Amino acid sequence: MKFGVLVFPGSNCDHDTYNVVGGVMGQPATYLWHESTDLEGCDAIVVPGGFAYGDYLRTGAIARFAPIMQSVRRFADGGGLVMGICNGFQILCEAGMLPGALMRNAGQRYICKQVNLRVETNGSPFTEGLVRGQVLRMPIGHMEGNYFCDAATLDTLRREDRIAFRYATAAGEVSAEANPNGALDNIAGILSEGRNVLGMMPHPDRSSEALLGSADGLLLFQSMARAMSAV
């Protein structure tokens, strides 16, 4: 199995992600430049965090038009696994690969801190090794992490079990106090209709080794690897 890590001008978590896959997990990985259209035979794609094209217009709005994203869309349409982290989540929403949008944080400030996530579903290639209700510890680092969608979309996400993670307390309680950015329904991550695309604001790439304060993020990458090896 081979992971592809997208690189845009302004990406700053591409090396973190590559290290998790290649260094921690020991799996083949390659960087995929934004101007390329070749996914180089990758079995899974990660759209990492950062500030693609500087995010000068609207987060992800320019990156959605990158040549590599056209290939990623076709890959996902064919059932390929795609994970978007932070800025990557924003890009996937802008590209129409996930519903909704990421708006400015409710407090209008950049937030960088550890948060707790409650696993809402284990019915996906990214979470099949997890337990519903399990609490994970990961960091966030964003200015536009406030997830929003219309009422009909929210109803669909709930009904189809496509909310992957919610912000919660350490005890697993979903509350306003546990919501760091004002995200609708405390949503921290969602799945596509086909369940093969995941977007999430917290950083599993920055929490995949104990020395970073938590290795919980590694569970998601390991789940992806198991899903690919089972095919």
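In the predicted model, helix 1 (residues 14-24) buries D14, T17, V20 and V21. These residues span an arc of only 135° around the axis, which places them on the same side of helix 1. H15 and G23 are exposed on the other side of helix 1. The cover over the buried residues of helix 1 includes strand 1 (3-7), strand 2 (29-33), strand 3 (44-47) and helix 5 (218-229). G26 follows helix 1 and has a positive phi, near 70°.

The structure holds 10 salt bridges. One of them joins R58 to E94, with the closest N and O atoms 2.8 Å apart. R58 sits in the loop between strand 3 and helix 2 (67-77), and E94 in helix 3, so the pair ties together parts 36 residues apart in sequence. R58 is partly exposed, at 48% relative accessibility. E94 is buried, with a relative accessible area of 18%.

R104 and E144 form a salt bridge through their side chains, at 3.0 Å from N to O. The loop between strand 5 (101-103) and strand 6 (111-119) carries R104, and the loop between strand 7 and strand 8 (146-148) carries E144, so this pair ties together parts 40 residues apart in sequence. R104 is partly exposed, with a relative accessible area of 43%. E144 is buried, at 17% relative accessibility.

A salt bridge also links R195 and D161, whose closest N and O atoms are 3.7 Å apart. R195 belongs to the loop between strand 10 and strand 11 (197-200), and D161 to the loop between helix 4 (151-159) and strand 9, so parts 34 residues apart in sequence are tied together. Here the arginine, R195, is buried, with a relative accessible area of 19%. D161 is partly exposed, at 23%.

The largest pocket holds about 180 Å³ of space. Its lining comprises 17 residues, of which G50, F51, D55, H142 and M143 are the closest to the centre. Helix 3 (87-94) and strand 7 (135-142) are the elements that each give two or more residues to this lining. By class, the lining has 5 nonpolar, 9 polar and 3 charged residues.

A178 lies in the loop between strand 9 (163-168) and strand 10 (187-191). A178 is buried, with a relative accessible area of 15%. Beyond its neighbours within four places in sequence, A178 contacts Y167, A168, T169, E173 and N186. A168 is 10 residues from A178 along the chain, and their C-alpha atoms are 5.0 Å apart.

Terms used: Residues are numbered from 1 along each chain as its sequence is written. This is a predicted model: local features need pLDDT of at least 70, side-chain atom pairs count only at pLDDT 80 or more; totals for chains, interfaces and linings use all residues. Side-chain values use heavy atoms; hydrogens and water are left out. Helices (H or I, at least four residues) and strands (E, at least two) are DSSP runs, numbered from the N terminus. Buried means under 20% relative accessible area, exposed over 50%, partly exposed in between (1.4 Å probe, protein chains only). Contact means heavy atoms within 4.5 Å. On a 1 Å grid over the protein atoms alone, a cavity is a set of points where a 1.4 Å probe fits but cannot get out, and a pocket is an open set with protein on both sides within 12 Å along at least five of seven lines; lining residues have an atom within 4 Å of a point. Grid points are joined across faces, edges and corners, and a volume is the space filled by probe spheres set on the points. Ala, Val, Leu, Ile, Met, Phe, Trp, Tyr, Cys and Pro count as nonpolar, Asp, Glu, Lys and Arg as charged, and the others, Gly among them, as polar. The arc is that of the directions from the helix axis to the C-beta atoms. A salt bridge is a side-chain nitrogen of Lys or Arg within 4 Å of a carboxyl oxygen of Asp or Glu.
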